Amino acid sequence: MTLTKKLTAPGWYRAILGTALMFCLGTGIVLAVRTAYGWDPLWDWNAIITVGALVAAPFGYLIGIGCFDYWFYWAAGNPTRPEDHSGHGATSWKDYFRVNTDHKVIGIQYIVTTFFFFVCGGLMAMVMRAELAQPGTQFVNPNTFNGLFSVHASLMIFLFIIPVFAGIANYVLPLMIGAPDMAFPRLNALSFWMLPIAGVMMLTSFFAEGGAFATGWTAYAPLSTETPMGQQFFTLGVQFAGASSIATALNFLVTIITMRAPGMTFWRMPLLVWANFTTSLLVVIATPFVAGSQFFVLLDRSLGTHFFDPSAGGDVLMYQHVFWFYSHPAVYIMMLPGFGIISEVISTNARKPVFGYRMMAFSLVAIVILGFTVWAHHMFVSGMFPWLRVPMMITTMMIAVPTGIKIFSWLATLWRGVIHLRTPMLFALGFITMFTLGGISGIMLAVVPFDIHVSDTYFIVAHIHYVLFGGSVFTIFAGIYHWFPKMTGRMYDETLGKLHFWLSFVFFNATFGPMHLVGIDGMPRRVADYADKYATWNAIISISAFLFGASFLVFLYNMVTSWRHGPKAPANPWRAHSIEWQVSSPPPIFNFDEIPTVVGGPYEYGTPGAVHAVFKEKAPAAAGAPAGGGGAPPPAE
Amino acid sequence: MNERERDSGNEPVAPAEDPQSDPRIQGERHPLGKMILIGVVASVIGVIAVLQIDWFPVQASTGAHEIDTLYDVLLIASVPIFVLVMSVVIYSVVKFRAKPGDMRDGAPIHGNTRLEVIWVTIPFLMVTALAIYGWVVLDDLEAKQPNEMVVKVTGRQFSWSFAYPGERVRSTTLVLPKDRPVEFRINTRDVLHDFWVPEFRLKSDAVPGLTTKIRVTPNRLGKYEVVCAELCGLGHSTMRQDVRVVEPALFDTWVRHQRATAQESAG
């Protein structure tokens, strides 16, 4: 291929060119404006980096890599290239580095990318634990330390937990509902390719003048409006992660509403589909608020507005209200898809229908609604109007009711099952117990007087890691192991999987359990240094944290070697009923040669002869039988 | 079984409901009773264990006792829930674990309305009771006290300063008389800070543009620390200063001494 052709065809060459061109364009705009106003110095690197590198260049990269080609042709009235599906599927590893509209390829792209950022965030946690192993300053200065925990949290939230669920659902969900792909494949690709932008911004903020953003992932104003340049990398990085998240959520909503296979009514959807449906509602409604809060910060920083400057009539608490109006629902965005995974894993491995299926779905909806009414429980000590604390305490505690329904229903699903303790099941059971602990400390935190004492302490750090690691990340591991055979066509190593579970389960508790103690005892969070009386516990926590970090290597080794050399997976190694297991592993390029017809619920274990879906070629036999026939409501479409 | 029946999530399948039909728990006359017994014993042991832990720093204010009691109540309510979850998980794994090569399915139980009503109602009542209790404690902690001394607290990156308008004194260490109710009026010169004395249990953000208030009655002599609990920048972790709770007579001496030094430096 000639260089010209390389630079005009979608791909990495054009992406580099596009990035460079757009950076120059952004720089040009800055210089032109500064010249026009006669501002000195002309070359203001803060402005150039903001406009050129953080706003303009990412669009150059997206255009260059080819996310917009089809839409541009179409918008310009040029003949669009007819979809020949040549972009579907991946034949070599290189195909994962191209814009691809196949939901299965995008799913893998999401999962691998997000695990890369998970490793980055995890390594930062290791550095923090090294620094905190003893009082005083050993390895990093306070500024770097503040940067480390800020970037750690931002990566884990915006680049790992939220998008890895989108990745798993991207792969599994269309197969589960019997759809050939997502509703908007090109939008799906764009969602994925926006994600690395956010991650790269957050990582490169360490090289910005003044260091990485160091205001926590919460970026409270007015600290965030006064800190050095690194903050812009967060403020703008979040926009790309948020836009990616919103686009994916819209895609899931439309896919779930319009593309279910014939016969799949809402009450026949697997609970993972329900979970992603409710999560997507949360994302679409809530995410614009975090975008807004960060735009306010950006405008205060770059354009001299006064949203958070009380001396000019600004309101500092407004930031926290807007921020938490997203960021509390965000914890459910990070949890509901995991609930869905657990329902699949437990019912498959206990060989039983999910207990109280409809209540499981209703409780997801209840959490969505209640989730929007509790945000100010993050602000009990913020100085907001005092009366709001009591209603927020009550609504927060009420969320325990639907969450309790889910926990108890999973327990009841275990009862009189035939339990196969495979790795995903171990993670699911580990999740139930650890998430219960996280939920219990959540109830404690909802009680205002106790929260006043422990808010902003290590008790909070313990709580969020119990719900986000013992909760979300355990469900992610469960999901990755559960669908690994489907995604890769190979089996993972069960022994290594179990080893991974037990190591992470034990050291997770050894790391985060003691944090409850030091928190109540008075150790604030987000500190590079602490009073000597906490030294013993912190040393123990650090040692456990290193072993906990090392347990991840077992997972990584298992995944890499099993993907390359693992034994070939059968279509349905777990004998599950849902549709994704009725096609080969990995599935055919277009998922189904025949669109399946859904004839029953997804978890009919224990009912002889019950099936969830049938394929057309088998249909004549099934149609005669009562299972396939008269009782089935007409297709939802 | 026809389609409609299988689709309706909550109808239990009658014959499988009888536990006697499951050989794995057939020998046990009361599998649930046994589990409840184990659960009660484990809960009692658990509650005793968690109450033995010395969680909090010393109690140096009248409110501290109430908050610590509230926490004990929360622990007592929480332990049985955790034990319940653990016992069901462990019992199920032990009793219902598949033997190698076991290809059977579990019992086709789709739900049980009575059970579901129970586990909606009990948690609902529990959290309602705890919320009311929490509200009562909160009101108690924040009730206005007679003879309050006002202390103005000002945060800045990265130190605290204190002013006693009634006593016409300023200071960089916080000195408080024992048993005298104090109303802290908290403010900041720059970014958010958070005024917290762990031994008093109460904290409040210092917010630009606002004055926040908390009420504390110190009731234990000693030296403690004011800790900044809201990330405020580079020096956040070092923003700790001394608090001394002293006998009222000693406090009066300290006030006079402060005034004298202030006049000296002014004159």
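How many residues lie between strand 1 of chain B and strand 2 of chain B in their hairpin? The hairpin has 2 residues between these strands. The model is predicted, with local features needing pLDDT of at least 70 and side-chain atom pairs counting only at pLDDT 80 or more, while totals for chains, interfaces and linings use all residues. Residues are numbered from 1 along each chain as its sequence is written, with chains lettered from A and ligands numbered from 1 in the order in which they are written.

Strand 1 (residues 149–156) of chain B pairs with strand 2 of chain B in the antiparallel sense over 5 bridges (pairing takes at least two DSSP bridges; strands are DSSP runs of E, at least two residues, and helices of H or I, at least four, numbered from the N terminus). Here B:Thr154 sits opposite B:Ser161. Strand 2 of chain B also pairs with strand 3 (residues 169–171) of chain B, again antiparallel, over 3 bridges, and B:Ala163 stands opposite B:Arg170.

Over in chain A, the axes of helix 18 (residues 458–488) and helix 19 (residues 494–520) come within 7 Å and cross at roughly 165 degrees; axes are lines fitted to C-alpha atoms, for helices over the stretch in contact, and angles run from 0 to 180 degrees between N-to-C directions. Helix 18 of chain A and helix 19 of chain A are therefore roughly antiparallel (over 145 degrees).

As for the two chains, their contact takes 85 residues from chain A and 76 residues from chain B (C-beta atoms, placed from the backbone, within 7 Å). Helix 15 (residues 400–414) of chain A gives the most to the chain A side, with 9 residues.

Technical notes
Parallel < 35°, antiparallel > 145°, perpendicular 65-115°, else oblique.
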